Amino acid sequence: MRLVQLTVPTGKRETVLGTLDDRGIDYVVTDEDSKREYTAVVYFPLPSAAVEPVLDELESVGIDEDAYTVVVDAETVVSRQFSALREEYEDGDVESDRISRQELQAEADELTPTFGVYTIMTIISAVVATAGLLLDSPAVVVGSMVIAPLIGPALGASVGSVIDDEELFTESVLYQIAGVALAIAAAAAFAWLVKTTNIVPPGLDITEVGEISERLAPDLLSLAIALGAGIAGIISIATGTSVALVGVMIAAALIPPAAAAGIAIAWGQPSAAIGSTVLVSVNVLSVNLAGLVTLWYVGYRPEDLFSLGETEQRVRRRVVGLAAIVFVFALFLGAITYASYVSTTFEENAREEVELVLSEEEFEQYQVLEFEVLMDDDYPFRSPDRVVVTIGGPPSESPPALAETLRDRIDRHTDEPVDVEVRYVNVIEG
């Protein structure tokens with residue numbers, strides 16, 4: 001529910017009140033004596049879904065942007081006429097629950113801080129995320145998402161597109177580009193400082209850190225996170241509900257992979273940064289794509305209906321362009337996913353072959369103590385490089401036939417040569 005406060009220009013009082021009467025809207029009128037070009041202030045409650053059509057109709061009768069119109073939340077309205085008005089405008093779907101176009105534009109502006117604040121908060125968020133990744137601490141990484149100021153620009157571009165506010169669109173796009181660049185640069189600088197000052201153990205292998213490695217070789221599931229964040233963010237802002245948690249979700253799709261890219265650069269592994277950089281890019285584009293489609297679907301249109309056709313064409317072009325780029329990136333992520341699937345399948349098959357060999361009568365006195373597949377460093381398309389099998393058996397000379405048999409069996413499941421290392425451990429039964 002909303003309470004609208006409208007200043008009535010001189011000569012428009014009867015027109016405004018007549019419009020409200022025709023709509024069956026309760027109102028209160030107070031005279032304006034500030035000696036300006038206004039004669040009265042009208043206060044009237046509206047369901048959220050009615051704000052936009054009522055304000056548009058008032059604008060059509062001469063209430064333009066020179067008049068002051070304030071829309072605020074109303075907790076409770078007790079009125080028979082208001083109940084009828086609510087039944088008229090609210091039918092339970094998302095479109096009827098959405099806030100007005102005017103409120104949406106104000107909300108998008110409010111969610112975007114000044115560039116100075118945006119820069120500082122983005123850098124801090126990236127530094128905290130970098131520390132969390134190096135510590136392999138999910139809690140710290142989540143904390144970095146909370147302070148990231150990314151939701152405003154991420155949603156502002158979509159809002160600007162559908163309501164024909166090119167200034168908002170351009171500003172939001174520039175903010176997003178600057179935000180991603182700042183996050184990667186800040187993460188790289190902080191990670192380099194941490195490395196050179198030996199705050200982390202010398203020789204740390206970042207590919208062995210779980211929170212980092214999963215972002216250096218992302219898969220298609222990452223795309224679902226970004227699309228979900230974009231849709232949830234737009235629905236939250238469009239229905240006037242809290243966007244704080246959705247902001248964390250959008251930051252989750254952007255800040256940690258940007259920090260992972262910075263860490264890879266600082267560690268002198270630019271190829272390892274490719275996957276996380278692609279992940280950041282596809283997530284930014286996916287959030288914008290999901291937001292743009294969702295806003296148009298729930299019914300937002302430009303204020304000037306004469307520009308509707310032009311705006312619709314512009315939105316369509318941007319949707320097609322974003323979808324095409326996201327599709328290309330999705331193919332890249334799909335290739336990474338397939339490479340991961342091939343590696344996992346190889347590991348399962350190799351482990352099964354080892355167990356089958358040791359189940360044979362010739363080698364039944366031996367058992368698998370440890371099985372490990374080591375991957376190469378060709379990010380983001382990693383593949384098996386070496387298989388290490390630790391075998392336990394009686395304290396006697398190990399049979400060469402066992403190692404040869406294991407190598408032959410494991411080689412059946414790979415097109416590329418993979419080293420197989422067999423280690424023997426004497427097991428003395430008490």
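The legends below describe close-up views of a predicted model.

Residues are numbered from 1 along each chain as its sequence is written, and side-chain values use heavy atoms, with hydrogens and water left out. Local features need pLDDT of at least 70 and side-chain atom pairs count only at pLDDT 80 or more, while totals for chains, interfaces and linings use all residues.

**View 1. Domains of the chain.** The protein is divided into domain 1 (2–97), domain 2 (103–301) and domain 3 (342–426); the bounds come from an automatic or database domain assignment. Between the C-alpha centres of domain 1 and domain 2 the distance is 39 Å.

**View 2. Helix 2 and the residue that follows.** Helices (H or I, at least four residues) and strands (E, at least two) are DSSP runs, numbered from the N terminus. Helix 2 covers residues 48–60, and its buried residues include Ser48, Ala49, Ala50, Val51 and Glu52. Val54, Leu55 and Leu58 of helix 2 are buried as well. Buried means under 20% relative accessible area, exposed over 50%, and partly exposed in between (1.4 Å probe, protein chains only). Gly62 follows helix 2 and has a positive phi, near 115°.

**View 3. Surroundings of Ile63.** Ile63 sits in the loop between helix 2 and strand 4 (69–73). With a relative accessible area of 6%, Ile63 is buried. Not counting residues up to four places away in sequence, Ile63 touches Leu6, Pro9, Lys12, Val16 and Leu58, where contact means heavy atoms within 4.5 Å.

**View 4. Thr19 in helix 1.** Helix 1 spans residues 13–23 and contains Thr19. Thr19 counts as buried, at 9% relative accessibility. Leaving aside neighbours within four places in sequence, the contacts of Thr19 are Glu57, Leu58 and Val61.

**View 5. Packing of helix 6 against helix 7.** The axes of helix 6 (residues 115–134) and helix 7 (residues 138–146) come within 7 Å and cross at roughly 170°. Helix 6 is therefore roughly antiparallel to helix 7. From helix 6, Ser125, Val128, Ala129, Gly132 and Leu133 make the contact; from helix 7, Val140, Val141 and Ser144 do. These contact residues divide into five nonpolar, three polar and no charged. Axes are lines fitted to C-alpha atoms, for helices over the stretch in contact, and angles run from 0 to 180 degrees between N-to-C directions. Angles under 35 degrees count as roughly parallel, over 145 as roughly antiparallel, 65 to 115 as roughly perpendicular and the rest as oblique. Ala, Val, Leu, Ile, Met, Phe, Trp, Tyr, Cys and Pro count as nonpolar, Asp, Glu, Lys and Arg as charged, and the others, Gly among them, as polar.

**View 6. Two loop residues with positive phi.** Most residues other than glycine have a negative phi. Asp136, in the loop between helix 6 and helix 7, has a positive phi near 55°. At 39% relative accessibility, Asp136 counts as partly exposed. Asn198 lies in the loop between helix 9 and helix 10 (210–216), and its phi is positive too, near 60°. The relative accessibility of Asn198 is 49%, which counts as partly exposed.

**View 7. Gln176 in helix 9.** Gln176 belongs to helix 9 (residues 166–196) and counts as buried at 11% relative accessibility. Tyr118, Pro153, Ala154, Ala157, Val284 and Asn288 are in contact with Gln176, leaving aside its neighbours within four places in sequence.

**View 8. Val248 in helix 12.** Val248 is part of helix 12 (residues 244–266). Val248 touches Met145 and Val146, not counting residues up to four places away in sequence. Gly291 is 43 residues from Val248 along the chain, and their C-alpha atoms are separated by 16 Å.

View 9. An unreviewed UniProt entry places the feature "transmembrane region" at several stretches, among them residues 273–298 and 319–341. UniProt positions are given in the numbering used here, feature names are shortened, and annotations may be inferred rather than shown by experiment. Residues 273–298 are 96% helix and 0% strand, with end C-alpha atoms 38 Å apart. Residues 319–341 are 100% helix and 0% strand, with end C-alpha atoms 31 Å apart. Gly334 lies in helix 14 (residues 308–358) and, at 21% relative accessibility, counts as partly exposed. Gly334 and Leu402 are 68 residues apart in sequence and 38 Å apart in space, C-alpha to C-alpha.
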